[in-house]
Structures are given as C-alpha cells and as structure tokens.
Amino acid sequence: MTDLDDPQALRLADPQGMLDAVLNMPNDCRAAYDSALLAEGLPAAKGVTSVTFCGMGGSAVSGDVVRSVFLERLGLPVEVNRSPVLPEHCGSHTLVVCSSYSGNTAETLGAFRSALKRGCRVLVVTSGGTIAEEAAEAGIATVRVPPGFQPRAALGHLGFASLGALETMGILPPLAGDVGEAVAEVQAVMAAMGPEVPTEDNAAKTLATKIGDRSPVVWGVDGIGSVAAARWKTQLNENGKLPAFWSSMSELDHNEVVGWTAPFGERFFVVGLRHDGEDPQLPPRFPLSYDIVRAAGGEVEEVHARGASALARLMSLIIVGDLTSVYLAIGRGVDPTPVPVIERLKAALAGS
C-alpha cells in the first residue's frame, strides 16, 4: 500500500505520470477549444440533419459529452457509434465526426471509410496515424490534437477540440462562457482534491481509500449523470485495474436493484453521482435505492457536481472520478498507466 499523503511515494508509484496528466486537464480543455475555433476547411453545416460521432474507448467520450450536454439546446439528433458499422441512415446530410486519438483504431477507421463512400460530411479529430493520412488524401478536414497521451487521458483535448470545431461550423452555439466555467470548476476540484491535499480533507483520496479492493458500481441520472458514471467506470477499470460497473437512474430501479441481495453486496461499493439538473421525478429514488444496497451489505457514497452549466457539472463529476481512479491504483500499489491486457488482446487479434 502507498501512502497517498506522501508526495515522493505518489511520484514513485506513478512513474509514467498519469496523475500529472489528470491534473493538466484544465489546460488541455482550454487549449483544445481555443485551437479548434481557428480550424479551417471544416464541413459546411447548412443542410446537416444529424450528427454521428464514431469512436471507441476514451476517444468516444467526446461524443457522449456533446450528446448529453446539448440534449436540450441542439435541434439535431446526436448519436455515438461505437462500432465499425456506420448506421444506415448516415448520408450526405449527416455530419460524421470520427474521433480516434491514435488514429489507428480499427472500428473508427471502418466507420470513417464507410462515411467517405456514402458522401457524408466528415470531420476527423486525432493526433495522427492512419486516419490522419487517409483524411489528408481525401481532402477531409482534420482537427489535430497533441500526441503522447494515453487515449483516456486525452479527453480534454479530444472533447474540447470537438466542441470548438462544432461551434466554428455553427452546429453548436457560442460556448466561451460554458467552457470558461467548466475549466474553472475543474480547477476548483483540483484545488480541493489535488495530491498536496491530505486525505482527511480530500474527498477523492478518502473515496479511493473506502473503495479499497471492492468493485465500484457507479450510478448517475440519464444524461450527464450517466455519461459521468460511464467515464468513472472505465477510468476505474483502466487506471484502478479492477472490475467496475455503471448504471443509469431510473433504469437501474427496473432491474439492477433486484440483484442487490445479501451477502453479495459486501463485494461492491456504490458511488452516486448527483447534480442540480436532475429531473424532479428522480432524486427521491436515490435514497430508497441506497437502502436496498445497504441491506445487501454494500456501502454508498455520493459525489455532487459543481457549476451552473451542464458542461461544468459534467466535467466536475468526471475530474473527481479521474482523480479517484488514480488514487485508488496508487493506494493499492498499482501503476495506473499501463494497460497490458489491452496490449495483449491487440497483439492476439493482429496475429489471428
């Protein structure tokens, strides 16, 4: 076990700097947004009737951000496609945003090539790789982000580059205020939960310590809450190196709650992600559902969003999860950065 309040021990337990990458997210968000506002050669927005984001893993989260944050402000349907198969409805009036940090994601490349064949309006967001090369050959607009990150640590770059590009196209409204607030709220979370803040005063370190070796189950209200919950789950998987799960309220009250029976609850830890924009029908469900978890032997903690805008609330929830996942790994004596299982899987697929 690593002492989370020992700065030297923290650095030694994180030799590839995942914690530093997380701490740099506010700068990443601001730089990516500002840079994308200056992007040239973007597809024409006139006549666009739908937007489809194509991506996998951390590269797909930018689509989740747009879909959830602008659900009530955008007059176009937005979907996130985590598949090499491009939806049949995508055609000349569809904007297809292909987000691949490495540029070599097989599923995203497949969807990208299909979009070109169908005459879709295509925008690529990447650090390079095959998709950047093929986009250049086809004359497709590409918003470049800096290389050298783990894809899951590049959310600030990918997500906010997408926001800036869509604003420049006229798909999204002016976002300077929302982006500024989101960056400020993420910075405020870091001031309260950064590595220099002791565990007794640090909600992220405390939560990581409480979770320990149990499997986290993260709940959030459909929309920004469920997007944040999904992000927490994958960060706990990849950084924390343990099984983790997520569910959406109130869907979970129609199935998952039945499975919370003793003694199985002892193996899990529920984290409820809450925000002020929840539909008024849903808040009463949380305490009742928590009671079911506790009766099964599980433990529960809530994390509350900060900010007034949907974007600020979402990013404030995400950054708490990112910090918690890294502290959890380091506290358990695990390097948060490497993902050897994924590398072995990729190698096996390449050789099959």
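## Close-up views of a predicted model

**View 1. Helix α10 lies across a sheet of four strands.** Helix α10, residues 224-238, lies across β6, β7, β8 (268-274) and β9, and runs at about 165° to β6. Please keep in mind throughout that this is a predicted model. The four strands form an open sheet in the order β7-β6-β8-β9, with parallel pairing. At the edges are β7 (245-249) and β9 (299-304), each of which pairs on one side only. From one strand to the next, the twist averages 25°. Look next at β6, residues 215-221, which pairs with β7 in the parallel sense over five bridges. Within this pairing, Val 218 stands opposite Trp 246 of β7.

**View 2. Val 221 is a buried residue of strand β6.** Here we stay with β6, the strand in which Val 221 lies. With a relative accessible area of 3%, Val 221 is buried. Which residues does Val 221 contact, leaving aside its neighbours within four places in sequence? They are Ser 226, Ser 248, Met 249, Leu 273, His 275, Glu 278, Leu 282 and Phe 286. Trp 232 is 11 residues from Val 221 along the chain, and the C-alpha atoms of these two residues are separated by 14 Å.

**View 3. A second open sheet has five strands.** Its order is β2-β1-β3-β4-β5, and the pairing is parallel. Strands β2 and β5 are the edge strands, each pairing on one side only. On average, and ignoring direction, neighbouring strands of this sheet are turned by 20° against each other. Strand β1 (residues 50-54) runs parallel to β2 and is joined to β2 by four bridges. Another helix to find here is α7 (residues 155-169), which lies across β1, β3, β4 and β5 and runs at about 145° to β4.

View 4. Three residues of α6 (residues 129-138) are buried: Ile 131, Ala 132 and Ala 135. Seen down the axis of α6, the buried residues fall within an arc of 100°, so they line one face of the helix. What do the buried residues of α6 pack against? Their partners are β3 (94-100), α5 (106-118), β4 (121-126) and β5 (141-144). On the face turned away from the buried side, you will find the exposed residues Glu 133, Ala 136 and Glu 137. After α6 comes Gly 139, with a positive phi near 70°.

**View 5. Arg 82 and Asp 64 meet in a salt bridge.** Side chains of opposite charge can pair when their charged atoms come close. For the side chains of Arg 82 and Asp 64, the N to O distance is 2.5 Å. This pair links distant parts of the chain, 18 residues apart: Arg 82 is in the loop between β2 (78-81) and β3, while Asp 64 is in helix α4 (residues 61-69).

View 6. The model has 17 salt bridges in total. One of them joins Glu 299 to Arg 214, with the closest N and O atoms 3.0 Å apart. Glu 299 sits in strand β9 and Arg 214 in the loop between α9 (203-211) and β6, 85 residues apart. Glu 299 counts as partly exposed, at 30% relative accessibility, and Arg 214 is partly exposed too, with a relative accessible area of 21%. Another salt bridge is that of Asp 253 with Arg 285, whose closest N and O atoms are 3.1 Å apart. Asp 253 belongs to the loop between β7 and α11 (256-259), and Arg 285 to helix α12 (residues 285-295), 32 residues apart.

**View 7. Asp 28 is buried yet has no salt bridge.** This residue is found in helix α3 (residues 25-36). Where is the nearest side chain of opposite charge? That side chain belongs to Arg 231, and is 9.2 Å away. Leaving aside neighbours within four places in sequence, Asp 28 is in contact with Ala 21, Phe 149, Ala 153, Gly 156 and His 157.

How values were computed:
Residues are numbered from 1 along each chain as its sequence is written. This is a predicted model: local features need pLDDT of at least 70, side-chain atom pairs count only at pLDDT 80 or more; totals for chains, interfaces and linings use all residues. Side-chain values use heavy atoms; hydrogens and water are left out. Two strands pair if DSSP finds at least two bridges between them. Helices (H or I, at least four residues) and strands (E, at least two) are DSSP runs, numbered from the N terminus. Axes are lines fitted to C-alpha atoms, for helices over the stretch in contact, and angles run from 0 to 180 degrees between N-to-C directions. Contact means heavy atoms within 4.5 Å. Buried means under 20% relative accessible area, exposed over 50%, partly exposed in between (1.4 Å probe, protein chains only). The arc is that of the directions from the helix axis to the C-beta atoms. Lys and Arg count as positive and Asp and Glu as negative; His and the chain ends are not counted. A salt bridge is a side-chain nitrogen of Lys or Arg within 4 Å of a carboxyl oxygen of Asp or Glu.
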